[in-house]
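Here's a quick look at one residue's surroundings and a couple of helix pairs. Have the structure open as you read.

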Amino acid sequence: MAVVVSSNGNAPAFEAKMTVYVFICVMIAAVGGLIFGYDIGISGGVTAMDDFLKEFFPAVWERKKHAHENNYCKYDNQFLQLFTSSLYLAALVASFAASATCSKLGRKPTMQLASIFFLIGVGLSAGAVNLVMLIIGRIFLGFGVGFGNQAVPLFLSEIAPAQLRGGLNIVFQLMVTIGILIANLVNYFTAEVHPNGWRIALGGAGVPAVILLFGSLLICETPTSLIERNKNEQGKEALRKIRGVEDINDEYESIVHACDIASQVKDPYRKLLKPASRPPFIIGMLLQLFQQFTGINAIMFYAPVLFQTVGFGTDAALLSAVVTGTINVLSTFVGIYLVDKTGRRFLLLQSSVHMLICQLIIGIILAKDLGTTGTLGKPQALVVVIFVCVYVMGFAWSWGPLGWLIPSETFPLETRSAGFAVAVSCNMFFTFVIAQAFLSMLCGMRSGIFFFFSAWIVVMGLFAMFFIPETKGVAIDDMRESVWKPHWFWKRYMLPEDDHHDVEKRSA
Ligand code: BGC
């Protein structure tokens, strides 16, 4: 169970070039993030399409036609939400299986499995003739997401030269945002195609899935994964190939050493429950809860529905979703640029204040100006869209990428893959909760939903302030000494009897 994941760019600087081969590998693997993002973005548009609703959710369609009866509740339907959320439930279960295939078979076959699941899922959902086929299709897509999201970030971190790991880790999130944007564009154009626009939209995920399937034949397995499975010679060869230099001995030795230590831990999941694992474990899980309870996916999944709810027409609603998608992509670059300069804490704290203000303004406008059956006036609707965009900006450079980055850099090597699998599955669980509950919450709480998310943002801001230490610039295997031991709260879990192991590891 050995995985070398470093994201702070401060790991020992072994000799390495940024080779064309690594670049190609990164681009191909990151297509996994693109498919994840596409799936996130496509559901909202498809569930706003009349042809789709008529075919699978006639009751919702009827209600939508009489929308003036109740603005907030026209989309509230458990089955419609199941269409969106089933994917995340499947991904949650799959991430544990994926953690096992990652260790036993390798990262590359895990990515290949992901692309096969994706292709089956695309076929079933785009070709669906009834609700069952549609939902089973979503479940296969979910298996793909579970396998992809476990293997891709680990693959990226292992294949990258140490000094580029931080930036390359966020390439995953960047691809997620690009996937969401492409989905929004596809939604916008296919909404005009009757009656099969929704089939084209759902089928679109097949393109990146095919790229991932064939592309993954070109990429190599990571040296860590090969050495972890006792294929030391092949691991050495792979390392030489991806680093583009002859002298790879130091890095090779360090991977062998890390694998040795990790192999002594027979049950990494049990080790996760030990006091020494508590800080990264608790932070890793809570980060996922907080990331989702910013309310981001209420916007990402349901942006078109949300904008329609507050009074935009279908077309204008989809177009607004394209605008938020573009802002999401561009703001992620700000995160890539700042994360190793200002640090993680600054981004988390800044964005908490920033997102809180946006949510409050949106909530107040909706509470004041949008009656249950009324629509928003043009100026108010514009202000809502602007603040949704400003809100997305804050998320995109903070809780979005850091939700993936921090769990990948704070676990010690022996629990890194298991800890990361738990984080991925928690992410999927809370994404599922939001996807399943949001439309009902919107119906029940109305504009109050924005105050609900605001309250969570206050909680997460305070948590970040007191409990999330700065990890910028800290070597990945030095977290215990430099981060947890001096921390006012987490130091209580750093028991002296665990030191021996740690010293041994750091002297590598
Ligand atoms: C989150 C997704 C979210 C996306 C938005 C990701 O980090 O995990 O749930 O939809 O960011 O860009």
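Leaving out residues up to four places away in sequence, Q292 touches N297, N427, F430, T431 and I434, where contact means heavy atoms within 4.5 Å. This is a predicted model, numbered from 1 along each chain as its sequence is written. Local features need pLDDT of at least 70, side-chain atom pairs count only at pLDDT 80 or more, totals for chains, interfaces and linings use all residues, and side-chain values use heavy atoms, with hydrogens and water left out.

Q292 sits in helix α14 (residues 278–293); helices are DSSP runs of H or I, at least four residues, numbered from the N terminus. Q292 is buried, with a relative accessible area of 3% (buried means under 20%, with a 1.4 Å probe and protein chains only). Its side chain makes a polar contact with the side chain of N297 at 2.6 Å (a pair of N or O atoms within 3.5 Å, one able to donate a hydrogen and the other to accept it).

Now for the helix packing, with axes fitted to C-alpha atoms over the stretch in contact and angles running from 0 to 180 degrees between N-to-C directions.

| Helix pair | Angle | Axis separation |
|---|---|---|
| α20 (residues 413–445) and α21 (residues 448–467) | about 125° | 8 Å |
| α4 (residues 78–104) and α5 (residues 107–126) | about 140° | 7 Å |

That makes α4 oblique to α5, and α20 and α21 are oblique to each other too (under 35 degrees is roughly parallel, over 145 roughly antiparallel, 65 to 115 roughly perpendicular, the rest oblique). In α20, I434, F438, M441, L442 and M445 meet G448, I449, F452 and F453 of α21.

Note on methods: Helix = DSSP H or I, 4+ residues; strand = E, 2+ residues; numbered from the N terminus. Buried < 20%, exposed > 50% of the residue type's maximum accessible area, 1.4 Å probe, protein only.
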